[in-house]
Amino acid sequence: MQAVVYTRYGPPDVLQLANVPTPVPMDGAVLVQVHAVSLNASDWEALRGKPLYARIGGPFRPRHHILGSDIAGRVEAAARHATRFRPGEDVFADILSHMGGFAEYVCVPETALAPIPARMTYEEAAALPQAGAIALQGIRDNGQVQAGNKVLINGAGGGSGMYAIQLAKLTGAEVTGVDNAEKLEFMRSLGADHVIDYTRDDFTTNGHTYDLILDVAAHRPVFAYQGSLMPGGRYLYVGGSVATLLQVLLIGPVIGRAEGKKIRLLAVRPGAQHLVPLVELCQAGKIATVIDRRYRLNEVPEALRYLGEGHAKGKVVVILD
Ligand SMILES: NC(=O)c1ccc[n+]([C@@H]2O[C@H](COP(=O)([O-])OP(=O)(O)OC[C@H]3O[C@@H](n4cnc5c(N)ncnc54)[C@H](OP(=O)(O)O)[C@@H]3O)[C@@H](O)[C@H]2O)c1
């Protein structure tokens, strides 16, 4: 099969389209013919090996040689003990823990797979898993946003921010989206009440406070975030620098406690069961997926460069024949 492979960390030029053996599913897994795979910041981080957490399991060389974790396609074959899905069924999944989606075929454990519902295209299904799960768990499950809450989403013009803005608005929150100047109009179009260009203004120093800060691009000291929370407010770290992550883990549980503030890591729970509410919201027309650009498999380097250089508004999807 054809796949986009890399064997060392670096810029998109280290990626190559190559012929590799088609994988064989192990017990409890199925072989999926990939029809669409969406890009995530986690692909960009794993390509570059930055931040350092992107090198877990592969400190010097990439652990997985094929990136791509949000896949949608058709079941080609099922291995022993894989009984939930039959060849010919349309499925999608987030396979962040082992990746392999930038390829014509990928093996996926059955527990990660969900059926693609009628009226949902492969590209929509591929866009949803990782970004949707971050948004749903960040806004609803862990963020516990309620009507009237003030919510700030840092990095709101990207994939998970796109869903997070819509989910927060659906709950009746007042939403501030932070991203670069190119994405301000996009965030407004999704429903953001206020937008901030992070290249010009620092939301932690403007005197405003929030019930929830959902941070997909965390690079500041935790004390800055603590000062931007209302009493009882929550800060959730999704991605960003390792220095901020360590502070969140080590100091987060202690600072702000007297005022009931919670500063935590959002450890997104993967699995098919977490896709069900997202699918329902999409099917009901309550949240929409915006696909900024579509690329072919041989254009994955260009697609990742577009995402990594900060131009993508919403999702970027690779479409396979
Ligand atoms: N915690 C977990 O369990 C978990 C699970 C999966 C993924 N993740 C993490 O989730 C993170 C990204 O999610 P995503 O796919 O939504 O990313 P994305 O689509 O790339 O969106 C991130 C957005 O943040 C913006 N941004 C960059 N630096 C910023 C700054 N200093 N201030 C404000 N905005 C900034 C980016 O814009 P620019 O174009 O300007 O760069 C981009 O629009 C990744 O770090 C990934 O590792 C976490």
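A polar contact is a pair of N or O atoms within 3.5 Å; within protein, one of the two must be able to donate a hydrogen and the other to accept it, and residues adjacent in sequence count only if both atoms are side-chain atoms. The exercises below concern a predicted model, in which local features need pLDDT of at least 70 and side-chain atom pairs count only at pLDDT 80 or more, while totals for chains, interfaces and linings use all residues. Residues are numbered from 1 along each chain as its sequence is written, and side-chain values use heavy atoms, with hydrogens and water left out.

**Exercise 1. The ligand**

Step 1. For Tyr198, a polar side-chain atom lies 2.6 Å from a ligand oxygen, and for Gly310 a polar backbone atom is 2.9 Å from an oxygen of the ligand.

Step 2. On its own the ligand has 940 Å² of accessible area, of which the protein covers 84% (Shrake-Rupley method, 1.4 Å probe).

**Exercise 2. Lys183**

Locate Lys183, and decide whether this residue is buried or exposed.

Step 1. Lys183 sits in the loop between strand S9 (174-179) and H5.

Step 2. With a relative accessible area of 7%, Lys183 is buried (buried means under 20%, exposed over 50%, partly exposed in between, with a 1.4 Å probe and protein chains only).

Step 3. Leaving out residues up to four places away in sequence, Lys183 touches Gly157, Gly310, His311, Ala312 and Lys313, contact meaning heavy atoms within 4.5 Å.

Step 4. A polar atom of the Lys183 side chain lies 3.4 Å from the backbone oxygen of Gly310, and the backbone oxygen of Ala312 lies 3.2 Å from a polar atom of that side chain.

**Exercise 3. The largest core and helix H8**

Identify the residues that touch the most other members of the largest nonpolar core, and describe how the buried residues of H8 are arranged.

Step 1. A nonpolar core is a set of buried Ala, Val, Leu, Ile, Met, Phe, Trp, Tyr and Cys residues joined through side-chain atoms within 4.5 Å. The largest one has 47 residues, and Phe92, Ile139 and Ile153 touch the most other members.

Step 2. Several elements give two or more residues to this core, including helix H3 (129-141), helix H4 (159-171) and helix H8 (276-283). The largest share, six residues, comes from H4.

Step 3. In H8, the buried residues are Leu278, Val279, Leu281 and Cys282. Seen down the axis of H8, they fall within an arc of 160 degrees, so they line one face of the helix; the arc is that of the directions from the helix axis to the C-beta atoms.

Step 4. These buried residues of H8 pack against strand S5 (90-94), H3 and H4.

How values were computed
Helix = DSSP H or I, 4+ residues; strand = E, 2+ residues; numbered from the N terminus.
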